[in-house]
Amino acid sequence: MLIRGEKGTAKSTAVRGLAELLPEIDVVEDCAFSCDPCNPETMCFACLSKYEQREPFDILKRKVRVINLPLGATEDRVVGTLDIEKAIREGIKALEPGLLAATNRGILYVDEVNLLDDHIADLLLDSAALGVNTIEREGITVRHPANFSLIGTMNPEEGELRPQLLDRFGLQVTVGELNDAKERIAIVHRINDFDKDPLAVMQAFEDQQKETAQKITNAMALLNQVEIHENLIEMIISVCQDLEIKTHRAEIATLRTSITIAALEGRTAVHVADVKAAMALTLPHRMRRLPFEPPVLNRDKLDKKSRIGKKKSKFPQTEETGEPCEGER
Ligand SMILES: [Zn+2]
């Protein structure tokens, strides 16, 4: 996810706060890659051989990590380094793990991602897409799991991201400053209260926090049961084509996000509203626009375009799922 917004609009605070809302995970205690002790498919080589020999793991329950990637990080620091002589003898043990190892099953946070070195950005996006980090040195290749969520923040005043990089971010949100004086006053009070007594503020929001965390946990359990009607998939494609978005990533990201939104709402069927909400996150940064033009999706236009699917179909559709209405089949 890419978060755009001017300085001081709590972008970083939002990213760091996310870990609090995610369910705790079980990790193999002495593994540098925080392997899941119950899932052999995603294990590193060492954990997998232990698993296959039915050796028991020491298991640790902990919060999802948010790892900060400093802007000046070198390739070695990010992907890890390899002792070639040791690698020939011992394989993966010769790896001095980098940030991507620590980030496995967590969140990698890059502040000012638009200022990140292009080569490092490519490395990160490759690993984020594949869930694997590959280190190649002098003909020797070592791989380890690197399954993480990449969140980048940027201030557009400090320069834009290359379009190729933009497209590789599944979602984008724009954070703006609040213009309502009452809301701004509330922020000042909240910060002041927190400075004086952080515990009291945390306790005041504990129930709300738990409720949101539970909603996310429920959504994760429901995710694989969510179905999307073919009409809605056609609608996604049609809107992307009308907006002249060439990349297939836009459609895939919209589909996945629509399903996720439905799961978050506790439903197993995707509604039209879920797709529209997803599009607001997945399309603006992929649309062609003029220099200095902010990436915004025009809601009225989208409403018109989302009726395209209906025109194509011989059947009228319900607002919710795009399915033919009862009695009109
Ligand atoms: Zn492992």
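| Class | Members | Residues in the lining |
|---|---|---|
| Nonpolar | Ala, Val, Leu, Ile, Met, Phe, Trp, Tyr, Cys and Pro | 18 residues |
| Polar | the others, Gly among them | 10 residues |

The model is predicted, with local features needing pLDDT of at least 70 and side-chain atom pairs pLDDT 80 or more, while totals for chains, interfaces and linings use all residues. Residues are numbered from 1 along each chain as its sequence is written, and side-chain values use heavy atoms, without hydrogens and water.

A pocket here is an open set of points on a 1 Å grid over the protein atoms alone where a 1.4 Å probe fits, with protein on both sides within 12 Å along at least five of seven lines, and its lining residues have an atom within 4 Å of a point. The second largest pocket holds about 1600 Å³ of space, and of its 39 lining residues Thr13, Ala14, Gly17, Arg190 and Gln209 are the closest to its centre. Helix H8 (181-196) is among the helices that each supply at least two lining residues, and H8 gives the most, with 9 residues.

The zinc ion has as protein donors (N, O and S atoms within 2.8 Å of the metal, or 3.2 Å for Na, K and Ca) the SG atoms of Cys31, Cys35, Cys44 and Cys47, which lie 2.3 Å from the ion. Along the chain these donors follow the spacing C-x3-C-x8-C-x2-C. Cys31 and Cys44 are both buried, meaning under 20% relative accessible area with a 1.4 Å probe and protein chains only.

Definitions and conventions
Buried < 20%, exposed > 50% of the residue type's maximum accessible area, 1.4 Å probe, protein only. Points joined across faces, edges and corners; volume = space filled by probe spheres on them. Helix = DSSP H or I, 4+ residues; strand = E, 2+ residues; numbered from the N terminus.
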